[in-house]
Amino acid sequence: MEQFVVTGMSCAACQARVEKAVAKVPGVSSVAVSLLTNSMGVDGTADEAEIIRAVENAGYGASVKGAAEAGRITASQKLAAEEDALKDRETPKLVKRLAASVAFLLVLMYVTMGHNMLNFPLPGVLEGNWAGLALTQMLLAIIVMAINRAFFASGFRSMLHLAPNMDSLVALGSGVSFAWSLFVFYKITYLLNVGAGSPEIMEIYHDQLYFESAAMIPALITVGKTLEAMSKGRTTDALKNLMKMAPKTAVLERDGAQVEVGIDEVMPGDVFVVKPGAAIPVDGEIIEGETAVDESTLTGESVPVDKAPGDLVSAATINHSGFIKARATRVGEDTTFSQIIRMVSDAAATKAPIARIADKVSGIFVPAVIAVAFAVMLIWLALGHPAAYALERAISVLVISCPCALGLATPVAIMVGNGMGARNGVFFKTSEALENAGRIQIVALDKTGTITQGRPEVTDVYAAEGFSERELMEYAYSLERLSEHPLAGAVVKRGEAQELTPYPVEGFKALAGNGLSGHIGGKPVRGGSARFMETLVKVPAEVSEKADELAAQGRTPLFFERDGSLMGIIAVADVIKEDSARAVSEMRNMGIEVVMLTGDNRRTAEAIGREAGVDRVIAEVLPDGKEAVIRQLQSRGRTAMVGDGINDAPALTRADTGIAIGAGSDVAIDSADIVLMNSKLTDVPAAIRLSRATLKNIHENLFWAFAYNVILIPMAAGLYSAIHMNPMIGAAAMALSSFTVCMNALRLNLFKVHDPSGDRPLRKRALPEDVTAAEDSAAQDGSDPAGPATGETAAAGAGLTKTARIDGMMCIHCEATVRKALEALDGVESVVASHEKGTAVLSLSGDVADEDIKAAVEKEDYTFLGIE
């Protein structure tokens with residue numbers, strides 16, 4: 001998306017005019033203009049010069065955001081340009097304009113209301129001098145109108161382009177008031193010349209002069225514009241504050257010396273140092289030192305995160321305590337921080353679907369109001385009322401109508417909602433994503449890394465008779481620390497946490513497909529699967545029952561024996577995150593159906609699903625099967641997919657709303673609509689909650705904007721005889737309407753995104769058994785229950801498959817290793833491996849030799865038993 005800065009817009013009609021003009025440029029596929037940030041996002045192949053020319057031909061100004069005179073610009077220059085584009089230049093100008101307007105307006109009001117109504121004294125030369133009083137009012141009105149000449153320049157220019165805007169209403173209202181008053185002024189001088197009586201002239205002076213209205217209208221609108229500019233400036237505070245946090249310099253280590261350089265000089269591979277309290281300049285990997293890093297700028301979490309060599313750090317986070325050296329991995333626009341700014345900025349430049357309601361109305365609103373005002377004048381004249389009365393009614397209609405409130409109703413709420421999300425580590429890539437999240441009815445969750453930690457941990461230690469748990473852990477720790485198996489890492493981590501001292505191990509061997517063996521203190525010690533252990537020792541019934549119980553809970557039991565005596569079981573599993581069950585519960589309380597999709601075996605998946613509390617589990621899903629299930633879920637309601645892996649990308653793209661866990665793969669993040677920087681599942685209900693609050697705020701704003709015009713335009717037209725509204729009151733009401741919309745949107749800053757107390761279900765959908773069965777079938781074979789759509793390829797499961805029998809797989813991590821090895825073969829679309837069945841089902845797009853399958857399996861130290 002190419003972004004532009006647009007100048008000269010004053011209301012929603014201007015915004016609609018610019019969009020319409022740019023949409024006609026050849027090569028433009030989509031365009032979204034934001035009145036709030038004076039920005040425009042354009043997708044397509046159109047030339048920048050053509051786009052700018054179209055905007056200028058429509059009567060406005062445009063320039064490429066962050067453009068430089070000399071070719072390419074650096075990332076920091078672009079950031080500075082974007083920050084500069086968000087700078088509030090309007091408010092200072094409006095404040096000065098308002099101060100000057102009020103100074104002269106007070107004098108005018110003293111002459112009109114102060115003297116006429118309250119008998120305030122005037123210079124003797126003006127006492128009873130009706131022509132002099134009228135001339136004084138006219139001169140003061142001209143000064144106030146000149147101070148606010150921007151309304152007249154913009155208003156009449158837009159009418160010349162046949163695209164009247166809010167400024168046109170102000171210019172017409174004030175201009176007609178002035179022109180009529182000028183006519184009355186000449187009438188007064190004529191009556192004085194022909195010797196008319198003072199009472200007749202005084203009546204005309206009091207009832208027909210509207211110089212104060214001609215001045216008051218632009219002055220009051222300027223009051224509203226100033227308040228609106230101030231509140232609009234606050235809505236972009238989150239983005240501006242983010243940009244201010246961008247580091248400007250880095251300290252590099254070069255030739256043994258520390259050199260401070262500009263942030264743009266840092267290249268991937270450079271070694272930089274960060275002192276305590278300093279900001280980390282770019283993304284990198286720590287190579288020396290330990291510290292705690294404050295990552296609140298990215299995640300919203302205030303608690304510092306401990307970092308050690310090998311850990312990654314991100315730009316704009318704060319080094320809290322220790323001195324560290326790190327190697328730069330991502331610099332410039334590639335850093336996580338820069339990507340976040342780009343996401344928030346792009347979201348501000350896009351348009352939510354709900355905004356189109358206001359856009360359609362705004363496009364015809366101003367011409368309609370002008371037509372209504374003209375009709376009102378003619379009707380009152382036809383009914384026999386004086387021309388002054390008819391004009392007053394018409395002018396009141398012009399100045400009370402407010403298209404600006406309509407134009408701001410959606411973007412101010414969207415901007416504040418995006419800012420709230422950014423402060424809490426929830427980033428919406430587009431305004432549409434922010435709107436759609438609140439309408440989600442079904443959430444599909446990936447298991448590994450989303451519901452679970454994504455790494456194995458020891459969950460249970462069960463010692464057999466004659467051994468203690470500590471003794472079991474000491475021998476297991478000593479043996480497993482020499483292994484490279486994923487499950488070994490979990491045992492080693494537990495041993496280190498318990499500060500165990502490992503025994504020396506002699507003759508260590510990794511027995512492919514079985515386990516480990518070695519000698520400790522001259523006695524054999526072995527560990528592995530139940531099947532392996534049963535060949536070595538007699539396993540008591542109670543231990544077997546315990547192992548079956550653990551397996552039913554989705555945990556992998558590892559058996560250990562010493563010198564012919566069974567020591568016990570250590571269970572390892574990919575445990576769920578501490579907030580997963582709470583997140584699922586919160587979503588269900590919102591009336592959202594929660595489904596878990598996973599490629600793991602059904603037994604393990606159902607155990608995790610029960611622990612997390614999801615509505616339904618669909619297991620053994622092929623990568624393309626996830627996408628097929630999402631399609632089926634979408635037939636029953638708006639569906640979101642939450643995932644973190646490359647294999648989740650198709651489902652994330654297919655879903656109505658794709659939500660990526662921030663710690664996941666770049667492909668998953670690129671495919672998603674919403675990114676959770678905290679990698680916490682509770683941020684999913686938080687995002688939905690924030691979206692619903694934002695939608696509610698938008699509906700309130702739109703209701704106010706429409707209701708204001710529907711109620712007050714008839715009132716200004718004089719339909720309610722009991723209420724007499726003059727143009728000055730109309731201008732004041734118009735000024736306050738936009739300000740009210742902005743202030744209502746700013747209330748979102750008080751919203752607590754993680755507070756579930758106000759959650760209410762939107763709609764709960766039933767789960768028909770036939771649909772469930774169809775989805776389960778689709779998940780397992782990768783097919784679409786409804787059949788492939790036109791132009792799409794049927795899922796791999798519907799074609800050729802091979803089932804390989806494999807010995808040695810003991811857990812879900814073994815399954816993952818086999819699956820990865822086999823999917824690397826040419827012609828293999830996807831693989832479903834099961835350590836319980838000892839099989840791997842390959843979905844093929846072409847011929848794959850059995851010898852290649854065997855080689856891939858044995859390369860990973862598993863035993864290939866043949867093809868079924």
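## A loop residue with positive phi

Asp 255 sits in the loop between strand E5 (249-254) and strand E6 (257-262). Helices (H or I, at least four residues) and strands (E, at least two) are DSSP runs, numbered from the N terminus. Phi of Asp 255 is near 55°, a positive value in a residue other than glycine. Most residues other than glycine have a negative phi. At 83% relative accessibility, Asp 255 counts as exposed. Buried means under 20% relative accessible area, exposed over 50%, and partly exposed in between (1.4 Å probe, protein chains only).

Glu 499 also has a positive phi, of about 55°, although it is not a glycine. Glu 499 is placed in the loop between helix H20 (486-497) and strand E17 (506-511). Its relative accessibility is 68%, so Glu 499 counts as exposed.

## The model and the whole chain

This is a predicted model, where local features need pLDDT of at least 70, side-chain atom pairs count only at pLDDT 80 or more, and totals for chains, interfaces and linings use all residues. Residues are numbered from 1 along each chain as its sequence is written, and side-chain values use heavy atoms, with hydrogens and water left out.

The chain has 32 helices and 30 strands. It has 868 residues, and 55% of them count as buried. Contact means heavy atoms within 4.5 Å. Take the contacts between residues at least 6 apart in sequence: 70% of these join residues at least 24 apart.

## A buried lysine

Lys 307 lies in strand E10 (residues 305-307). Is this lysine buried or exposed? At 12% relative accessibility, Lys 307 counts as buried. Its side chain reaches the backbone oxygen of Leu 312 at 2.9 Å.

Helix H22 (residues 541-552) packs against helix H24 (residues 602-612) at an angle of about 70°. Their axes are 8 Å apart. Axes are lines fitted to C-alpha atoms, for helices over the stretch in contact, and angles run from 0 to 180 degrees between N-to-C directions. H22 and H24 are therefore roughly perpendicular to each other. Angles under 35 degrees count as roughly parallel, over 145 as roughly antiparallel, 65 to 115 as roughly perpendicular and the rest as oblique.

From H22, Asp 548, Ala 551 and Ala 552 meet Arg 603, Ala 607 and Arg 610 in H24. By class, this contact has three nonpolar, no polar and three charged residues.

## A helix with a buried side

Ile 853, Ala 856 and Val 857 are buried in helix H32 (residues 850-859). They cover an arc of only 95° around the axis, which puts them on the same side of H32. The arc is that of the directions from the helix axis to the C-beta atoms. The face of H32 turned away from this buried side carries the exposed residues Glu 851 and Lys 859. Just after H32, Asp 861 takes a positive phi of about 70°.

Conventions:
Ala, Val, Leu, Ile, Met, Phe, Trp, Tyr, Cys and Pro count as nonpolar, Asp, Glu, Lys and Arg as charged, and the others, Gly among them, as polar. A polar contact is a pair of N or O atoms within 3.5 Å; within protein, one must be able to donate a hydrogen and the other to accept it, and residues adjacent in sequence count only if both atoms are side-chain atoms.
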